[in-house]
Amino acid sequence: MSRVIRAALFQTAWTGDRESMIQVHEQAVRDAAAQGAQVLCFQELFYGPYFCQVQDPAFYAYAERVPDGPIVGRFQRLAREHGIVLVLPMYEEEQPGVLYNTAAVIDADGSYLGKYRKTHIPQVRGFWEKFYFRPGNSGWPVFDTAVGKVGVYICYDRHFPEGWRALGLQGAEVVFNPSATSRGLSGYLWQLEQPAAAVANEYFVGAINRVGVEEYGDNDFYGTSYFVDPEARFVGEVASDKESELVVRDLDMGKLREVRDRWQFYRDRAPGAYAPLTAP
């Protein structure tokens with residue numbers, strides 16, 4: 001019998017303060033678990049606004065240690081209580097002045113498995129991320145969780161195919177792409193890039209985006225979170241483009257072997273020919 005993972009994504013709007021935002025996400029964990037979800041990923045920088053619309057050092061205060069900060073601890077306890085794997089996209093302070101856009105991965109028993117740090121950092125109008133984050137130095141880890149092998153690629157990373165492939169080479173079965181992406185800029189890419197990555201690398205992708213317009217800029221975050229399978233087919237409906245929504249879908253892992261037996265992309269790679277790709 002095929003192994004089926006019940007996976008979840010949670011998209012929501014900024015509530016106006018950190019504590020209520022955390023509480024909204026704590027309730028999302030409970031709701032996902034009540035629907036039988038085994039793994040849940042939140043949106044980019046989940047407990048705050050998308051403050052990168054402005055450049056203000058006051059927002060450095062949103063950063064905390066990972067895994068030793070209080071937010072990871074709160075969600076470790078929830079993960080243990082509900083037996084659910086959690087992917088927590090956070091603002092990480094490694095030390096004062098050394099800050100990363102990070103996702104912590106918590107296993108279903110509440111144990112901390114590790115983190116991914118966003119590799120590609122944009123610096124364009126409305127997305128002034130180099131003001132807040134150093135480029136990640138974690139490589140592309142794949143986490144061996146209670147539901148299988150999980151990878152993370154964060155927002156702007158998705159425009160770069162190399163990391164998607166690195167995750168596949170390390171055995172990723174599901175890759176989550178937590179994002180904060182706005183209407184009018186990248187909308188035409190949103191339902192193109194992640195399905196293409198799922199096909200090229202033959203795994204499932206969960207794409208998560210926040211919703212709404214926040215007080216720090218005019219970016220209109222358009223939600224439409226979804227899961228896509230290794231044949232670029234959406235698993236169920238795409239989420240709302242305006243409302244908060246918990247997306248829960250069953251992912252049939254048997255599809256991975258079926259597709260990989262049909263399309264031998266990993267066999268037919270030619271890494272010896274790719275040296276120019278690493279040239280500056």
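**Stop 1**

Start by selecting F176, Y203, F227 and L251. In this predicted model, these are the members that touch the most others in the largest nonpolar core, which has 42 residues. Now colour strand β11, residues 204-209: this strand gives the most to that core, with four residues. Why might such residues gather like this? In soluble globular proteins, nonpolar side chains tend to be buried together.

Next, pick M21, A32, Y47 and A63. They are among the 41 residues of another core, which lies apart from the largest one.

**Stop 2: the largest pocket**

Time to look for open space. Select P161, E162, R165, A166 and L277, and you'll have the lining residues that lie nearest the centre of the largest pocket. Its volume is about 430 Å³, and 19 residues line it.

Which helix gives the most to this lining? Show α3 (161-169) and α4 (187-201) as cartoons: each supplies at least two lining residues. The top giver is α3, with six.

**Stop 3**

For the last stop, select F127, Y156, H159, L185 and S186. Of the 14 residues lining the second largest pocket, these lie nearest its centre. The volume here is about 190 Å³. Colour this lining by type too: the residues divide into eight nonpolar, three polar and three charged.

Note on methods: Residues are numbered from 1 along each chain as its sequence is written. This is a predicted model: local features need pLDDT of at least 70, side-chain atom pairs count only at pLDDT 80 or more; totals for chains, interfaces and linings use all residues. Side-chain values use heavy atoms; hydrogens and water are left out. A nonpolar core is a set of buried Ala, Val, Leu, Ile, Met, Phe, Trp, Tyr and Cys residues joined through side-chain atoms within 4.5 Å. Buried means under 20% relative accessible area, exposed over 50%, partly exposed in between (1.4 Å probe, protein chains only). On a 1 Å grid over the protein atoms alone, a cavity is a set of points where a 1.4 Å probe fits but cannot get out, and a pocket is an open set with protein on both sides within 12 Å along at least five of seven lines; lining residues have an atom within 4 Å of a point. Grid points are joined across faces, edges and corners, and a volume is the space filled by probe spheres set on the points. Ala, Val, Leu, Ile, Met, Phe, Trp, Tyr, Cys and Pro count as nonpolar, Asp, Glu, Lys and Arg as charged, and the others, Gly among them, as polar.
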